[in-house]
Amino acid sequence: MTDVLSVSGLFEGGEDIAVARELARTFLADARTAHGVAVPERAEGAVELVVSELVTNARKHAPGPCLLTLEVVGDAVEVSVWDSNPVLPAVHAPDPTRIGQHGLEIVMALGQSFAVHREPVGKRVTAVIALGDGIPGAPVGRGEPRKDEGRARSALGAPDHGH
């Protein structure tokens, strides 16, 4: 049986983006130290940026709260954000002259996959970020933790992980 590690956070206020990024950092640090998941710096940065973009979009375009879920599944991290707005996001074609509205472009460039699903209330946007270094044959999944594991936990406390 494969372990599945996950954490969720409900966000409602203006400070949510920084708190969401910290939840992602804490979750990935815990995955490394407590569960031996190899999380390269590139993957950690990608997950943090995807979390930031998706939570920002949800807070900007949907009334009410949003729910962020992070889950290590196999050799990837699934980042999922639910919000109450049923309107699906517009994905614009790349345009370097456009100011703003590049968030989903960034998410799609960083992820292995990107999906939007309507829910009974609202929608769920999901991106899957590979834990490998993006180099064919690079190690992925479980491995030795990095040496900088001693970070302090956020005010949210230890994530609740399912096994």
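**Close-up views of a predicted model**

**View 1. His117 and its contacts.** His117 touches Lys123 and Arg124, leaving aside residues up to four places away in sequence; contact means heavy atoms within 4.5 Å. His117 sits in strand 4 (residues 113–118). Helices (H or I, at least four residues) and strands (E, at least two) are DSSP runs, numbered from the N terminus. His117 counts as partly exposed because its relative accessibility is 45%. Buried means under 20% relative accessible area, exposed over 50%, partly exposed in between (1.4 Å probe, protein chains only). Trp82 lies 35 residues from His117 in sequence, yet 9.3 Å away in space, C-alpha to C-alpha.

This is a predicted model: local features need pLDDT of at least 70, side-chain atom pairs count only at pLDDT 80 or more, and totals for chains, interfaces and linings use all residues. Residues are numbered from 1 along each chain as its sequence is written, and side-chain values use heavy atoms, without hydrogens and water.

**View 2. The buried face of helix 3.** Gly103, Leu104 and Val107 are buried in helix 3. They fall within an arc of 90° seen down the helix axis, so they line one face of helix 3. The arc is that of the directions from the helix axis to the C-beta atoms. These buried residues pack against helix 2, strand 4 and strand 5.

**View 3. Helix 2 and its cover.** The buried residues of helix 2 include Ala43, Glu44, Val47, Val51, Leu54 and Ala58. Among the elements covering them are helix 1 (16–35), strand 2 (66–73), strand 3 (76–83), helix 3 (103–110) and strand 5 (123–130).
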